[in-house]
Amino acid sequence: MADQEITLMKGNEAIAHAAIRCGCDGYFGYPITPQSEVLETLAEQKPWETTGMVVLQAESEVSSINMVYGGACTGKKVMTSSSSPGVSLMQEGISYMAGAELPALIVNVMRGGPGLGTIQPSQSDYFQACKGGGHGDYHLIVLAPASVQEMADFVDLAFTLAFRYRNPAMILADGAIGQMMEKVVLPPFKPRRTEEEIIKECPWATTGRIGGRKPNIITSLELRSEEMEVINLRIQAKYREIEAKEVRYEEFMLDDAEYAIVAFGSAARIAKKSIEIARSQGIKVGLLRPITLWPFPTKEVKSLASRVKGILSLEINAGQMVEDIRLAVEGAVPVLHFGRLGGIIPDPDEVVEVLKSSF
Amino acid sequence: MTREEIIEKGQLVYKKPTLLNDTPMHYCPGCSHGVVHKLVSEVIEEMGMTDKTIAISPVGCAVFAYKYIDVDWQEAAHGRAPALASATKRLWPDRLVFTYQGDGDLACIGTAETIHALNRAENITIIFINNAIYGMTGGQMAPTTLLGMKTATCPYGREVKLHGYPLKVTEIAATLDGTCYVTRQAVHTVAAINRAKKAIRKAFEYSMQGKGSNLVEIVSTCNSGWKMSPEKANKWMEENMFEFYHLGDLKDTGADK
Amino acid sequence: MTMTEEIIIAGFGGQGVLSMGKILAYAGLMEGKEVTWMPAYGPEQRGGTANVTVIVSDSPVSSPILSSYDTAIVLNQPSLEKFEPKVKPGGTLIYDGYGIPEPPTRKDIDVYRIDAMDAAAEMNLIKTFNMIVLGGLLKIHPVVGIESVLAALRKTLPERHHHLIPKNEEAIRKGMEIIKKL
């Protein structure tokens, strides 16, 4: 496939193609609906014959994430993908990677829970993705794509951020974005880094003591509390830097808006349609779409509160991001939540009705 | 007389491997870990793989193995070492990749990772220390605890009705098509130590030759957990452990591949 | 004037609902239009209900998920019951009479019948059933040109099936012929 060609594919397929193209070294995954096309597409594309990328179907999500952990220890660009129940199983490994400060990419194509739940789309893993998820004080860098194009673009972005900060990054998508087909221009091919480049760029990695250097040890273990606090403080300082530098968001029709919807991922797409409908009825409403869910665009939401009379948090869950909006707004304007549960996607008309009845 | 003076006079009769550093080990006196660490270090050095080795340590007594052997180490979550090793070896095929795991880590919480890594014929070696007890957490029952053996969580002795049977993971591993070399060794006598070293060397060589996965079980003592003197523990091991965990090679297809 | 066509195609799994939507979306893509293809996915591979929302537009598509549609194409009774009420007033509903004993009743929309299943059986080309339906749609709403559909087929069908493209074209033209307004 030539560079820059416009093509039509599913979000899950775009993730796989983008991974091959951005020089990913290894993918380790386990089938689960609605994300299995990622592993299927990679298996069909056979990148081990072209770029040399390793693709392996693991025996479980627990194993997948620990393969990612092992690969990340060695400085390679490694990733996994799963859907909600599988991502729950991965939390242990994600916590270890955050603790050992390792770059990696985890893709969660969310489905409705709790438990085995449903295979239909949901955004109910916001808390899990943004507030830690596993044990210990940590954050992932969380990107929320709202189109197939962003599914493709965020793979490279996530790796860039993960390596910049030596922190695991997550693409938090949902079944709708994963399963839908849209136009996409795949990113250009970037060669995988050579072993020499990795050894140079990741002097911390466990690549073997090439050149007789001192041993590198990747661990999250430190039994001396005074030392463990120092490590935690260093990680927290890194998080403050990420919060200061890496917030990403999109504004849509906010210039003259009296009300704002805050929504991410596929909910933001629905919000745009609702805004078209509402504006045709004379309701001036706009959208703020967080692209990074962590770091959350706190300042931008706070400033939004000074410009509008009310904010609606539209989420495909029971109300999770709304807590971060309320923390940002500090009571300046009413902040309401609307969402549907169990794999039901709110339709644009019902969102307009909620806008009308709420404000 | 200083160490250097003794060496100068040609009286050196033993030298620890260079890879084994001077950090005092946290292992209990009489524990088998120290001997196995030494053997692993010697084999890496003798194979000239010092700069190409990536090791994975477990959760358990050997969690700090990375403090003692001067190669690159990854510290895995409990039971997951074979998953880390699988990815590491696939991503760096010319490296010597091995895990070092105890019975709780390998045969209990990490059974799935162990069996599947071995059966995928990952070109790695698993060093498996089986002392039939959880050492680090204070002597609880392991999957390999013998029937009748007393631990903190089977204080009246392991019995089938309550706890089921001890697990012979190494026998299972020998039935897997992915394994190349599966052996059970011990380090309680000089002769046994020499055999164990040969076994580790063979396993490492097979994994570098791409012949599949290799499992070296070392039946070991845990004096603290067993509440015995080192000497008595060795005797008890010979009389009880070896009865159930027979020493020797269970499988060696390296020559055929 | 900008054009946006919001279409739902619904029927049984195995009727080619998803692939018909895909060909339509692909043809739109080849004409430089904005397209989305959003399936209602389920655990069933065959036999269950299947539907797909396809939007073809001159401008970027906001929501790929809709509450009402310009056009509904329904190929079984449950789909008719589900989607007839969701056609916008003045919109279009197309149905295959085969397997729909209770036809649509709304008077504020344009209703078309296409006996594609019968035609496909007559032509001995059961597998082109969905292309007959697509032909019917293109007759009344030329969302995309027939040339683009054929180009999309060339693009999406594996090479070994390219010899079937003329049959597909025949089916599309058949659909254009047999669709009738009620």
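Let's start with chain C of this predicted model, where helix H1(C) is mostly covered, with 13 of its 14 residues buried. Of the two pairs of chains in contact, chains A and B share the most contacts, while chains B and C do not touch.

**Helix H1 of chain C**

- H1(C) covers residues 17-30, and its 14 residues reach 20 Å from the first C-alpha to the last.
- That span is close to the 20 Å expected at 1.5 Å a residue.
- Just after H1(C) comes Gly32(C), which takes a positive phi of about 80°.

**Where chain C meets chain A**

- This contact takes 18 residues from chain C and 19 residues from chain A.
- On the chain C side, H1(C) and strand S2(C), residues 34-40, each supply at least two residues.
- S2(C) makes the largest share of that side, with six residues.
- By class, the chain C side that touches chain A holds 12 nonpolar, four polar and two charged residues.
- S2(C) also pairs with strand S8(A), residues 181-185, in the antiparallel sense over two bridges.

**Where chain A meets chain B**

- Here 32 residues of chain A come together with 29 residues of chain B.
- Five elements of chain A each give at least two residues to the side that touches chain B: strands S2 (26-29), S3 (54-57) and S9 (217-218), and helices H4 (61-73) and H6 (91-99).
- H4(A) gives the most to this side, with seven residues.
- The chain A side that touches chain B has 13 nonpolar, 14 polar and five charged residues.
- Strand pairing crosses between these chains too: two bridges join S9(A) to strand S2(B), residues 72-75, and the two strands run parallel.
- Within that pairing, Ile217(A) has Trp73(B) as its bridge partner in S2(B).

**Chains B and C**

- The nearest C-alpha atoms of chain B and chain C are 27 Å apart, and these two chains do not touch.

- S7(A), residues 168-174, is largely enclosed by the rest of the structure, because seven of its seven residues are buried.
- Pro168(A), Met170(A), Leu172(A) and Asp174(A) point one way from S7(A), and Ala169(A), Ile171(A) and Ala173(A) point the other way; all are buried.
- Seven bridges join S7(A) to strand S5(A), residues 104-110, with the two strands running parallel.
- In this pairing, Ala104(A) has Pro168(A) as its bridge partner in S7(A).
- S7(A) also pairs with strand S6(A), residues 141-143, in the parallel sense over three bridges.
- There, the bridge partner of Val142(A) in S7(A) is Met170(A).
- From S6(A), the chain crosses through helix H8(A), residues 148-165, to S7(A), making a right-handed β-α-β crossover.

**The two domains of chain A**

- Chain A is divided into domain 1 (6-195) and domain 2 (249-358).
- The C-alpha centres of domain 1 and domain 2 of chain A lie 27 Å apart.
- In the contact between them, 25 residues of domain 1 of chain A meet 21 residues of domain 2 of chain A.
- On the domain 1 side, the elements giving two or more residues are helix H7(A) (126-130), S6(A), S7(A) and helix H9(A) (175-179).
- H7(A) contributes the largest share of that side, with four residues.
- The domain 1 side that touches domain 2 of chain A divides into 16 nonpolar, seven polar and two charged residues.

**Helix H3 of chain B**

- H3(B), residues 81-91, is largely enclosed by the rest of the structure, because 11 of its 11 residues are buried.
- The buried residues of H3(B) include Lys89(B) and Arg90(B), along with Ser86(B) and Thr88(B).
- Among the other buried residues of H3(B) are Ala81(B), Pro82(B), Leu84(B) and Leu91(B).

Methods. Residues are numbered from 1 along each chain as its sequence is written. Chains are lettered from A and ligands numbered from 1 in the order in which they are written. This is a predicted model: local features need pLDDT of at least 70, side-chain atom pairs count only at pLDDT 80 or more; totals for chains, interfaces and linings use all residues. Two residues are in contact if their C-beta atoms, placed from the backbone, lie within 7 Å. A residue is buried if 20 or more other C-beta atoms lie within 10 Å of its own, exposed if 12 or fewer, and partly exposed in between; C-beta atoms are placed from the backbone. Two strands pair if DSSP finds at least two bridges between them. A crossover is right-handed if, with the strands pointing away from the viewer, the path from the first strand over the helix to the second runs clockwise. The expected span of a helix is 1.5 Å times one less than its number of residues. Domain bounds come from an automatic or database domain assignment. Ala, Val, Leu, Ile, Met, Phe, Trp, Tyr, Cys and Pro count as nonpolar, Asp, Glu, Lys and Arg as charged, and the others, Gly among them, as polar.
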